[in-house]
Amino acid sequence: MNNTIRHKFFLRLAAMVCSCFFFFACENDPRTIDDLTKPKAMIEEAKNIETYLSQGSVLKAKLWAPYMIRSSSDTTFVEFTKSLHVDFFDSVGKVDSHLDAKYGKYYESLNKVYLRDSVLVYNFQGDSLRSPDLWWDQNTQLLYTDKKVWIKRQGTVLIGKNGMQSRQDLSDIHIKETSGLVNVPDSLQPQ
């Protein structure tokens, strides 16, 4: 009987020692836990993009881009890092203006696009707008910036020092502060 008591004692002692190892083995480095539990952005990539934008079943724009990255994190956005071209449509579905930029970032929840690097907007009336960066609000169909802009209308170039706001077809432009007016000679006018 003495052997049975000793055997049970050793089994209990072995179980206690083993359980202590399990408790000590469960301790993790806080940095490791943070790395495993922090939110991760999901990234999608696509090439040769052609997409249509509509609101209320009305076609608003068509976009072409050679490369796109879509990131889903706190704020979902689509990034065009290698240029983009957009055709804007009027209420009857006819193209009324175009937009080109070397970089664009579309914030899905805001329905706004940030454009930068050689931004050019032009329409069929011969009006054009150039700016280093520009915002396009899809809900209001407005283009705006607080940077310097060059606007060409009817042979005249207006230079806006502190930005502007305009409809996307360049039909209603409000310049914040003009810094120059240049008349373009007829010989330099596009034919």
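The questions and answers below concern a predicted model.

Residues are numbered from 1 along each chain as its sequence is written, and side-chain values use heavy atoms, with hydrogens and water left out. Because the model is predicted, local features need pLDDT of at least 70 and side-chain atom pairs count only at pLDDT 80 or more, while totals for chains, interfaces and linings use all residues.

User: How many helices and strands does the protein chain have?
Analyst: Helices (H or I, at least four residues) and strands (E, at least two) are DSSP runs, numbered from the N terminus. On that basis the protein chain has two helices and 14 strands.

User: How many aromatic pairs does the structure hold?
Analyst: Rings of Phe, Tyr and Trp (its six-membered ring) pair if their centres lie within 6.5 Å; planes under 30 degrees apart count as stacked, over 60 as edge-to-face and the rest as tilted. The number of aromatic pairs in the structure is three.

User: Which strands does the pair of Phe-88 and Trp-136 tie together?
Analyst: The two rings are edge-to-face, 4.8 Å centre to centre with 75° between the planes. The pair ties together parts 48 residues apart in sequence, because Phe-88 and Trp-136 lie in strands β4 (residues 84–89) and β8 (residues 128–137).

User: Are the rings of Tyr-107 and Trp-135 stacked or edge-to-face?
Analyst: Tyr-107 is in strand β6 (residues 103–107) and Trp-135 in strand β8, so the pair joins parts 28 residues apart in sequence. The ring centres are 6.1 Å apart and the planes are at 25°, so the pair is stacked.

User: Is Trp-135 buried, partly exposed or exposed?
Analyst: Buried means under 20% relative accessible area, exposed over 50%, and partly exposed in between (1.4 Å probe, protein chains only). Tyr-107 has 18% relative accessibility and therefore counts as buried. Trp-135 has 27%, so Trp-135 counts as partly exposed.

User: Which residue lies over the face of Tyr-103?
Analyst: A charge sits over a ring if NZ of Lys or CZ of Arg is within 6 Å of the ring centre and within 35 degrees of the ring normal. At 3.8 Å from the ring centre of Tyr-103 lies Arg-116.

User: With which side chain does the side chain of Gln-138 make a polar contact?
Analyst: Gln-138 is in the loop between β8 and β9 (142–145), and its 9% relative accessibility is why Gln-138 counts as buried. A polar contact is a pair of N or O atoms within 3.5 Å; within protein, one must be able to donate a hydrogen and the other to accept it, and residues adjacent in sequence count only if both atoms are side-chain atoms. At 3.3 Å, the partner of the Gln-138 side chain is that of Tyr-106.
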